[in-house]
Amino acid sequence: MRQVFGNATILAGEELECLRGYVVVEDGRIAEVGEGSPGRSYVNLKRGVVCPSFTNAHTHIGDACAPDAGAYLHLRERVGSKGLKFRLLEDRERVRQGMRRALEEMRRTGTGCFADFREGGIEGLELLRQVVEQSSVSCVALGRPDGDPPERVIERADGFGVSSVSNYTREELRRMRRLAERLGKLFAVHCSELRDDTAEVLKLEPDFVVHMTSASPESLEEVCRRRLPVVLCPRANGSFAAGLPEAGRLLECTTVALGTDNVMANSLNMMREMEFVFKLARGQSRDEKLRAELVLRAATINGRKILGRDSNAIQEGNVADFVIFRNKYIYEPALSIVHRMEAEDIRGFVIGNRYVRRV
Ligand SMILES: [Zn+2]
C-alpha cells in the first residue's frame, strides 16, 4: 500500500522545518519526504500544510459527560477524590457516551493520540478500552488502583497516572513505582497543582509530571536541572482558578508536552491549548524570539516521546499520523497552526494507510 501526497507545505522532521514538496506513505509509515514534485501520480494537496497530528498528553475523558458542571466550585469540590465529578461518574452509560463524544472531538480537532489518567481502577480502564477500540484515536491508558490491587490494575494499563501523592501512603506509592518499573510501564504524577509537592514527587522518580502550577522557583529549577519531562495544561489550570505554570521557562529547559486535563473544565481542542501556551510563554518570558515551532513540537512530537510511542515527526521511517491544513496563511505556516487555524481548516488526515479527506 503506497500513497503519494504532493504539492504540499511540509513541517518536516523534529525541527518542523518548512519544505515545499511531497510525502510518500508506505505500509503505514513515511517512506520518503522530498522537495519539489514527486512525479506524475499523486494526491494534490494544493499547498496544504502537512503537520504531525497532535498528542494530548493529559486528559480525563471520563468526565466528558458533564462539561462545565460545577463550574464555579473549588477544584477539590469539583474534581477532587470526594468531589462532584465522582458522583457523576457513577452513571456508567452516561460516562461511556461522554467518552465517545470526547474521542470524536479529538479526531475533529486533529488529535491522533492521547494519554488518559483514568479513574475507577480496573472497571474504569476496561470502559476506556472498549470505547477507544471503536475509534481512530490511539490511547495511552494510565490507571490508578481506586480500591483494586495495583498489580491487577497495571496489567490492564500502560502505566500508573497518580492523582496526587497526598492521596496515597508512601509505601503505596513506592509499590506502584516498583511495579511500573518492573513491567517497563509508565509512572506519571500530578505535581504541584495546588501546593508545592515537587520534592515528594521527585523522590519517586516519575517518567513525567503534570501541571507544576504551584511549584516554587527552587522546585522549578530542580525539575529543569533533571530535565524531567513536564505536561502543561494551562487552560485547565486557569479554568480551575489554580494558577498558571511558568510555561516560558519550562519550554526552554526541558521536554514539554501539552494536555487539556478534565473535560469538565476544558475542551479537548489542542489548537486552543497551543495558542494559549504560545502567548502565555511569550508574555512571561518577554522573549520575542520564542518561536511557534517550540509550542507546536510540544503539542505534537513531544507528547509521543514522553509517552514512549513511535514518533510521528514527518521523516522517513516514522509512523504516518498527520493532519493536512488548508493553504490559508503563507508567511509562517507553523505559527498559523499555533494561533490562527480552526478545526474547520483541517482538510484531511492520514492515519497509517488511511487517508481521510474532508469536504
Ligand atoms: Zn489531571
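A residue is termed buried if 20 or more other C-beta atoms lie within 10 Å of its own, exposed if 12 or fewer do, and partly exposed in between, with C-beta atoms placed from the backbone. The structure is a predicted model, in which local features need pLDDT of at least 70 and side-chain atom pairs count only at pLDDT 80 or more, whereas totals for chains, interfaces and linings use all residues. Residues are numbered from 1 along each chain as its sequence is written.

Of the 359 residues of the protein, 48% count as buried. The C-alpha atoms fill a box of roughly 65 × 45 × 40 Å along the principal axes. Two residues are considered in contact if their C-beta atoms, placed from the backbone, lie within 7 Å. Among contacts with a separation of 6 or more, 66% are accounted for by residues 24 or more positions apart. The protein has 14 helices and 17 strands, defined as DSSP runs (H or I, at least four residues, for helices; E, at least two, for strands) and numbered from the N terminus.

The protein is divided into domain 1 (2-52 + 312-357) and domain 2 (54-307), with bounds that come from an automatic or database domain assignment. Taken over C-alpha atoms, the centres of domain 1 and domain 2 are separated by 28 Å. The contact involves 19 residues from domain 1 and 18 residues from domain 2. On the side of domain 1 that touches domain 2, two or more residues are given by each of β5 (49-52), β15, α14 (333-339) and β16. The largest share of that side, five residues, comes from α14. Its residues divide into 13 nonpolar, two polar and four charged, where Ala, Val, Leu, Ile, Met, Phe, Trp, Tyr, Cys and Pro count as nonpolar, Asp, Glu, Lys and Arg as charged, and the others, Gly among them, as polar.

Strands are taken to pair if DSSP finds at least two bridges between them. Strand β15 (residues 321-325) pairs with strand β16 (residues 346-351) in the antiparallel sense over five bridges, and Phe322 has Val350 of β16 as its bridge partner. Val350 also stands opposite Tyr355 in β17; β16 and strand β17 (residues 354-357) run antiparallel and are joined by four bridges. The hairpin formed by β16 and β17 has two residues between the strands, and Gly352 in the turn has a positive phi of about 60°.

An open sheet of nine strands shows parallel pairing in the order β13-β12-β11-β10-β9-β8-β7-β6-β14. Because β13 and β14 (261-262) stand at the edges, each with a single partner strand, one side of each is left without a neighbour in the sheet. Within the sheet, strand β8 (residues 138-143) and strand β9 (residues 159-162) run parallel and are joined by two bridges, with Leu142 bridged to Gly159 in β9. Helix α11 lies across β6, β7 (111-117), β12 (230-232) and β13, running at about 135° to β13; axes are lines fitted to C-alpha atoms, for helices over the stretch in contact, and angles run from 0 to 180 degrees between N-to-C directions.

Helix α12 (residues 292-299) is mostly covered, with six of its eight residues buried: Ala292, Val295, Leu296, Arg297, Ala298 and Ala299. These buried residues pack against β6 (54-60), α10 (247-253), β13 (256-258), α11 (270-285), α13 (301-307) and α14.

Individual positions were also examined. Leu88, found in helix α2 (residues 84-88), counts as partly exposed because it has 18 C-beta neighbours inside 10 Å. Beyond its neighbours within four places in sequence, Leu88 is in contact with Asp63, Cys65, Ala66 and Ala69. Ala241, in the loop between α9 (234-239) and α10, is exposed, as 9 other C-beta atoms lie within 10 Å.

Most residues other than glycine have a negative phi. Arg47, although not a glycine, has a positive phi of about 65°; Arg47 lies in the loop between β4 (43-44) and β5 and, with 14 C-beta neighbours inside 10 Å, counts as partly exposed. Asp261 likewise has a positive phi of about 65° without being a glycine. Asp261 is found in strand β14 and counts as buried because it has 29 C-beta neighbours inside 10 Å.
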